[in-house]
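Subject: A structure for you to look at

Hi,

Here is the structure I promised to pass on. Have a look at it first, and then read on for what turned up.

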Amino acid sequence: MKKISILVCLMASVLATPLCAQPNTDELPDPKPGPQEAWQTLKAPSLAWGTIDERYSRSQLPKAEKAPLLYAWRGERVSAQAVLSTPKDLKGVTFDVSDLRNGRHVISADNIRKYFVRYVLTDSYGAVQKDSFLMADRLAPVAPLDIAANTTRPLWLDIHVPQEAAAGKYTGKLTVHCDGSDLVLPLTLTVGKRVLPAPKDWAFHLDLWQNPFSVARYYNVPLWSQQHFDLMRPIMTQLAEAGQKVITTSIIRHPWNSQTEDPFESMIVKMKHIDGSWSYDYTAFDKWVEFMMSCGITEQIDCYTIVPWGFSFEYIDMASSQLVEFKAEPGEKAYEDYLRPFLADFAKHLKAKGWFNKTCIAMDERPMEQLRKAWELLRSVDPDFRIEGAINYSPELVSMMYDVCLFYQYTDLPDGVLQERQKAGERTTFYTCCGPDHPNTFTFSPPAESAFLGWHAANLGYDGYLRWAYNSWTITPLQDSRYFKRQWYSGDCYLVYPGESSIRMERLVEGIQAYEKIRILRADGVSEAKLKALLAPFGGTEYAGETDAPATIRQANAALRKLE
């Protein structure tokens, strides 16, 4: 057993003060700027429409695209991208979007979120970190921005169509203010008659793991302080607006063996007294869950874990005022002696808070024999404990799980299992993480691949999607998305930036909205044969990049509109 002073324990588990602040938002130089000859043909700043399927180079002159044919249900949000290119330095550039008008009907400009697309360092498939380049991914809210000569700056719009908006064609304009003059693009949006529910009412089971410890470290504020919660609110509200259903909690210290830059500390302090009895402090756990619910994420609480990667557990020995760390595997006496009283007390606490039926004891990619022994203990404490986990399929284990998540490329799920689980009110989702290469949500992934995931879930009948890291930030996430701690691809450990969204996050929401549309059309009696044909291109688990994701999604959206 390993003993550490109680002061260190409390700092690590409850009252930790992060290491340093990261205030710098400047972009880094482009290590691979590419050919510059084309800039000689541009004599003045130029504004043109782009496509949301492209990550535009900062140093190269982009190809102009046709004006986007934007279409949305009432209640849907849709995106567009424009590109500003300049042969000279520009100071304090801003842009705005007018109200969108359809006769006497108006979609206020307040419903349109405006971003400058910013650049981060990234690597690519199979690349070492030194072989890196800049990639357009960050979506930073508009503030005056200096733009250097011979560079391109993408502009991103998210239009949130009110549910009460009238159907019809709306027009407006995007205006860039630069160099003492304005550059203008016309903007057109067609609103359909159907209504998309609010994100809190979406059926899609989105489970992006949150990391509160990363936020505290990045902003250099005390863990669980009011400052900490105030900084997290916009980040987690943004997640709720994507339809997130699950609150991620850590009930032991370092459940994943400290794989992220900011390890997950235990939200529950466990204390062993001189007489051998136990007590538990749920203060941080309760504050976190209550906070997340106040942000609009209320459906499920996932508690990691009773099967940690390193088999390491911790408690405060009150006799010596020391933190004790020890290792024990499922089936061993030390494992049961530690977890049985905790799980019994935890169940009692959850029931008192009214959270027991929302809570899952969560596991992550553990061997089957370990899971079986852990679950036997869990069910012996309280047979009504729900279980969640990402596992390789086993009929015996899956039958015990309320929420099971399978890897994207898993192919051996027997026919009928998804339907049986849905009838029982159970969840079955899929996940991507370090792989596959395609489709995925890395900072260099083609943007359409993020949207592809929602269509894939609809085609195979999954209830939703899981990803292991919503905001487990790197040391300087606004500049460098590469992950040095392990050889993972850039952006694998986060989908949003401090104070900002990302192209891949917005496209992920696009795919979730497509899933919801298909669900609604199916419930309204649209032909199953037509829906099956619509979804066929999103079917296989062998997506190796051959599929043209942008074209496939465009064609599917056009076909979907005909089914309305």
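This is a predicted model: local features need pLDDT of at least 70, side-chain atom pairs count only at pLDDT 80 or more; totals for chains, interfaces and linings use all residues.

Y218 has a relative accessibility of 4%, so it counts as buried, the cut-off being under 20%. Y219 comes out at 26%, so this residue counts as partly exposed.

Now to the aromatic rings. The structure holds 44 aromatic pairs. In one of them, the rings of F204 and Y515 have centres 4.7 Å apart and planes at 85 degrees, so they meet edge-to-face. F204 sits in the loop between strand 13 and strand 14, while Y515 belongs to helix 10, so the pair ties together parts that are 311 residues apart in sequence. F204 and Y515 are both buried. Y218 and Y219 also form a pair: with ring centres 4.9 Å apart and planes at 85 degrees, it is edge-to-face.

Next, please find helix 5, which covers residues 333-353. Its 21 residues reach 30 Å from the first C-alpha to the last, close to the 30 Å expected. There is a kink of about 25 degrees at L339, shortly before the proline P341. Among the buried residues of helix 5 are Y335, Y338, F342 and F346. Ring pairs link these four into a cluster with others, including W278, F313 and W355. After helix 5 comes G354, with a positive phi near 80 degrees.

Finally, two charges over rings: the charged end of K351 sits over the ring of F356, 4.7 Å from its centre, and R504 lies over the face of Y494, 5.7 Å from the ring centre.

Happy exploring!

Terms used. Residues are numbered from 1 along each chain as its sequence is written. Side-chain values use heavy atoms; hydrogens and water are left out. Helices (H or I, at least four residues) and strands (E, at least two) are DSSP runs, numbered from the N terminus. The expected span of a helix is 1.5 Å times one less than its number of residues. The bend at a residue is the angle between axes fitted to the seven residues ending there and the seven starting there. Buried means under 20% relative accessible area, exposed over 50%, partly exposed in between (1.4 Å probe, protein chains only). Rings of Phe, Tyr and Trp (its six-membered ring) pair if their centres lie within 6.5 Å; planes under 30 degrees apart count as stacked, over 60 as edge-to-face and the rest as tilted. A charge sits over a ring if NZ of Lys or CZ of Arg is within 6 Å of the ring centre and within 35 degrees of the ring normal.
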